[in-house]
Amino acid sequence: MNLKQPKTASSWDAFIPIIVLVSLLGAAVYLYGDSSSSGPNQIALLFATFTAALIGLKNGFTWKTLEEAMIKGITISLGAILILLMVGALIGTWLLSGTVPTLIYYGLQIINPAWFYAASCLICGIVAMSIGSSWTTAATIGVALLGVANGLGLDPVVTAGAVISGAYFGDKLSPLSETTNLAPAVAGSDLFDHIQHMLWTTVPSFVIALIIFIIMGFNADVASDASKIDAISAILQDNFNINIFMLVPLIILLGLAIKKMPAFPAISIGAVVGAVWALLFQGDLIASQIDASQGELVGQFKLIWATFFDGFSVQTGDAKMDDLLSGGGMSSMLTTTWLIMTALMFGAIMEKTGLLEVFVRSILRIAKSTGSLIASTIATCFGTNLVAADQYIAIVVPGRMFKEEYKKRGLQSVNLSRTLEDGGTITSPLIPWNTCGAYMQSVLLINPLDYAVYAFFNLINPLLAIVYGYLGVKVLKLKPREQE
């Protein structure tokens, strides 16, 4: 029996769900502000998903096919969700163990406020390049640097921009990074040729970002003084055992990442080590936190257990310090998990019904020159990050669709792989409903719409790549034998 083939989607079919999504997301931000990611954005994504599904049904897709696509889309995110939940546990145990407070304490002692933004960017870049993970860098070093910024009286939003800039610079160039391996795999280029080719757009963008952060640091209205830093340091020392040994959980985690242990077990071990360190070194703090009615050991066990799923909370007598030193737990990541799932449902429906392909090909029609082709690729990657809400999809889908076009125009595959990262990897944390943007907000507690203005590396890199494309700078051509 011949099954009826679904109709090809029209341009209107493709744009209707996007118009619905953008309209509802705009309304969510307008009505709910910073809390829009705590439910309103998820509802917007669900309505956009239903709209795309209705168009798919109109074009001949069955509900079973669409449902399977949504389920498959969600399963793609399960690895990220596991990491996300364990990062919540890690933040909780590292607060209780004194690891994060110790990082804040030493940061206050050694970092000059004038150099702080640039130093934050550079430190995160080095760490992310070493371990290949922007997520782990933001959840550990990034969280601590935000604490230092608060102590120094510096803007936490600018600090978040510096953390994101550094984390994605290092992640982008690290051979340990998943996206750095994914882009050349999709484009058909060699990993190390890909990294070498990325240096031409990535390093200048990072240098420009560092210069801007240096200028901002020297012109910042720093409200901190020695007495304020001393007061914060005293609060940290009064409530936690602060010494260099509290950094061992961080060193272990970085070591596991450098040894290429997968993120989920590495972060899980880091969280467990944090819990053990809390029991070994934060006895007074734990004693002040536990309910000893069932015995001291039972009370300690309950507190550690609760820290994994519900985070850690401390009362220092200073409300701002309480907010700074409290948080984490798997439960703190549930809203982000919900956002990721709804975003990937929408992306999966758009891809399955061919709506995303129509959207991408409509951009390709205007790409006549090499510069416009590179600009279109970057715009497509960014658009896919907006629509499909996941950086992996924003690399794979445009990569598949543009691969033959680059070859047809005599361009080496490293041009495509570099452009996929310049447009896909870099822009993902700037979008609140993207998996990366949602994750960064859950960790740094700052809306991507706020820090995006200061994520200078992430803003400059795609623009510089487009300029290179139009000027023909480091756009490599295929040799005659390679075009055969």
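Predicted model: local features only at pLDDT ≥ 70, side-chain atom pairs only at ≥ 80, totals over all residues.
## Starting with exposure

A residue counts as buried under 20% relative accessible area, as exposed over 50%, and as partly exposed in between. With a relative accessible area of 47%, F218 is therefore partly exposed.

## Aromatic pairs

A pair of aromatic rings is described by the distance of the centres and the angle of the planes. The structure holds 13 aromatic pairs. One of them joins W115 and F218: the ring centres lie 5.1 Å apart and the planes stand at 80 degrees, so this pair is edge-to-face. It links distant parts of the chain, with W115 in the loop between α5 (99-110) and α6 (116-131) and F218 in helix α10 (residues 191-218), 103 residues apart. W115 has a relative accessibility of 44%, so W115 counts as partly exposed.

Now for a stacked pair: W135 and Y439 sit 4.0 Å centre to centre, with 10 degrees between the planes. Here too, distant parts of the chain are linked, since W135 belongs to helix α7 (residues 134-152) and Y439 to helix α22 (residues 435-444), 304 residues apart. Both W135 and Y439 are buried. Elsewhere, ring pairs link F169, F206 and F457 into a cluster.

## Helix α24

F457 also leads us to helix α24 (residues 456-471), where F457 is one of the buried residues. Other buried residues of α24 include F456, N458, I460, N461, P462 and Y468.

What do the buried residues of α24 pack against? Their partners are α8 (156-173), α10, α19 (370-387) and α21 (413-425). Just after the helix, G472 takes a positive phi of about 75 degrees.

## Helix α5

## The largest pocket

The largest pocket has a volume of about 850 Å³. Its lining is made of 36 residues, and N150, D323, L324, L444 and L445 lie nearest its centre. The elements that give two or more residues to this lining are α4 (78-97), α7, α11 (226-239), α16 (319-325), α17 (334-352) and α22. By type, the lining residues divide into 16 nonpolar, 15 polar and 5 charged.

## The second largest pocket

The second largest pocket has a volume of about 690 Å³. It is lined by 33 residues, of which I83, S133, E178, A263 and Y392 are the closest to its centre. Elements that give two or more residues to the lining include α4, α7, α9 (178-187), α12 (248-258), α13 (263-281) and α20 (391-408).

Which helix gives the largest share of this lining? That is α13, with 4 residues. The lining of the second largest pocket divides into 19 nonpolar, 10 polar and 4 charged residues.

How values were computed
Residues numbered from 1 in each chain as written. Heavy atoms only, no water. Phe/Tyr/Trp six-rings, centres within 6.5 Å; stacked < 30°, edge-to-face > 60°. Buried < 20%, exposed > 50% of the residue type's maximum accessible area, 1.4 Å probe, protein only. Contact = heavy atoms within 4.5 Å. 1 Å grid on protein atoms, 1.4 Å probe; cavity = no way out; pocket = protein on both sides within 12 Å on 5 of 7 lines; lining within 4 Å. Points joined across faces, edges and corners; volume = space filled by probe spheres on them. Nonpolar A, V, L, I, M, F, W, Y, C, P; charged D, E, K, R; others polar.
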